[in-house]
Amino acid sequence: MTTERTRATALERLDRLEQIEMLLKSGECPTTHDLAKELGISQRTLFRDLELLRERGLPIEADKGRGGGIRLQSRWGVGRLKLEYKEAIDLLISIAIAESMHSPLLLANLKPIRRKLIASFSPELRSRVDTLKSRIWIGGTASVYVYGSFEEIDSDAMSPINEAFLMSKCIQIEYSDQNGNLSQRTIEPHYLFLSYPVWYIMAWDHLRNAVRTFRLDRIKSAQMLEKSFPLKPKQPFIDAIDGIEPTTP
């Protein structure tokens, strides 16, 4: 019975700690008196719980004096953000796009953010990140005709495309042409081109054995393949930009 009671007490405390943590993260600022009363514990027990939460990394602060509230520091989340690998890649490419646009509004803190983001990457990945900016090209605004046919990009397809773009891997895509006809294509994503708001992949198309452009909003699904490719010379892809007619999709 003693063991069972000890286990029950431990579970009760874990549950209580979770309640306190969620309450503080919600932005509420209760007094220790009110919070202890709500949890059905003494203030002394509450102070022990708060100290344990501090040891676990929550920066809890309290107003001085009787009746003072307790809260998390206003900047408590900064520096504690955890990203998955694919999320980090998406963010890195977004930063490279912002850098390619040369906007002072966007560039203020991008370099230190990028440095922090790639600090835990392997040396190979770091070198790939350094080439991203040169592989993202910014053009003019899309024509009214093209803009009128623009659709929302499939977010599920973007993560494998971004990863394949960074890692120079082939992608298998399902692509819809301007008439809605679907085809399966294996492509090498060499460059990205923006004719706002329409994004294009400047790719080597294995089906046509030639350079082709693919609108991102017309890619219905994408899967990264294991096959790598070396970057080809820029000029054929630059020439392909001229083939993106301003009056056709």
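Student: Why does Asn209 count as exposed?

Tutor: Go by relative accessible area: buried is under 20%, exposed is over 50%, and partly exposed is in between (1.4 Å probe, protein chains only). Asn209 comes out at 56%, so it counts as exposed. Asn209 sits in the loop between strand 6 and strand 7 (210–215); helices (H or I, at least four residues) and strands (E, at least two) are DSSP runs, numbered from the N terminus. Before we go on, this is a predicted model, where local features need pLDDT of at least 70 and side-chain atom pairs count only at pLDDT 80 or more, while totals for chains, interfaces and linings use all residues. Residues are numbered from 1 along each chain as its sequence is written, and side-chain values use heavy atoms, with hydrogens and water left out.

Student: What makes the backbone at Asn209 worth a look?

Tutor: Phi. Most residues other than glycine have a negative phi. Asn209 has a phi near 55°, a positive value in a residue other than glycine. Ser168 is another case, with phi near 55° as well. Ser168 is in the loop between helix 9 and strand 4, and at 7% relative accessibility it counts as buried.

Student: What kind of peptide bond runs from Tyr196 to Pro197, and how do you know?

Tutor: That bond is cis, with omega near 0°. Most peptide bonds are trans. Pro197 is in the loop between strand 5 and strand 6.

Student: How do you know that Lys220 and Glu151 form a salt bridge?

Tutor: The rule asks for a side-chain nitrogen of Lys or Arg within 4 Å of a carboxyl oxygen of Asp or Glu. Lys220 and Glu151 have theirs at 3.6 Å, N to O, so they pass. Lys220 is in strand 8 (residues 219–228) and Glu151 in the loop between helix 8 (144–148) and helix 9 (155–167), so the pair ties together parts 69 residues apart in sequence.

Student: And why are Lys220 and Glu151 called partly exposed?

Tutor: Lys220 has 34% relative accessibility and Glu151 has 43%. Both values fall in between the two cut-offs, so partly exposed is the label.

Student: Which other pairs count, and how many salt bridges are there by this rule?

Tutor: The count comes to seven. One of them joins Arg185 and Asp205 at 2.7 Å, N to O. Arg185 lies in strand 5 (residues 182–196) and Asp205 in strand 6 (residues 198–205), so this pair ties together parts 20 residues apart. Arg185 and Asp205 are both buried. Lys169 and Glu226 meet at 4.0 Å, N to O, with Lys169 in strand 4 (residues 169–176) and Glu226 in strand 8, 57 residues apart. Lys169 is buried at 15%, whereas Glu226 is exposed at 66%. There's also a network of salt bridges linking Arg13, Arg16 and Asp49.

Student: Why are helix 2 and helix 3 called roughly perpendicular?

Tutor: Two packed helices are described by the angle between their axes and the distance between the axes. The axes are lines fitted to C-alpha atoms, for helices over the stretch in contact, and angles run from 0 to 180 degrees between N-to-C directions. Under 35 degrees is roughly parallel, over 145 roughly antiparallel, 65 to 115 roughly perpendicular, and the rest oblique. Helix 2 (residues 32–39) and helix 3 (residues 43–55) cross at roughly 100°, with their axes coming within 9 Å. That angle falls in the 65 to 115 range, so they're roughly perpendicular.

Student: Which residues make that contact?

Tutor: Contact means heavy atoms within 4.5 Å. Helix 2 brings Thr32, His33, Leu35, Ala36 and Leu39, and helix 3 brings Gln43, Leu46 and Phe47.
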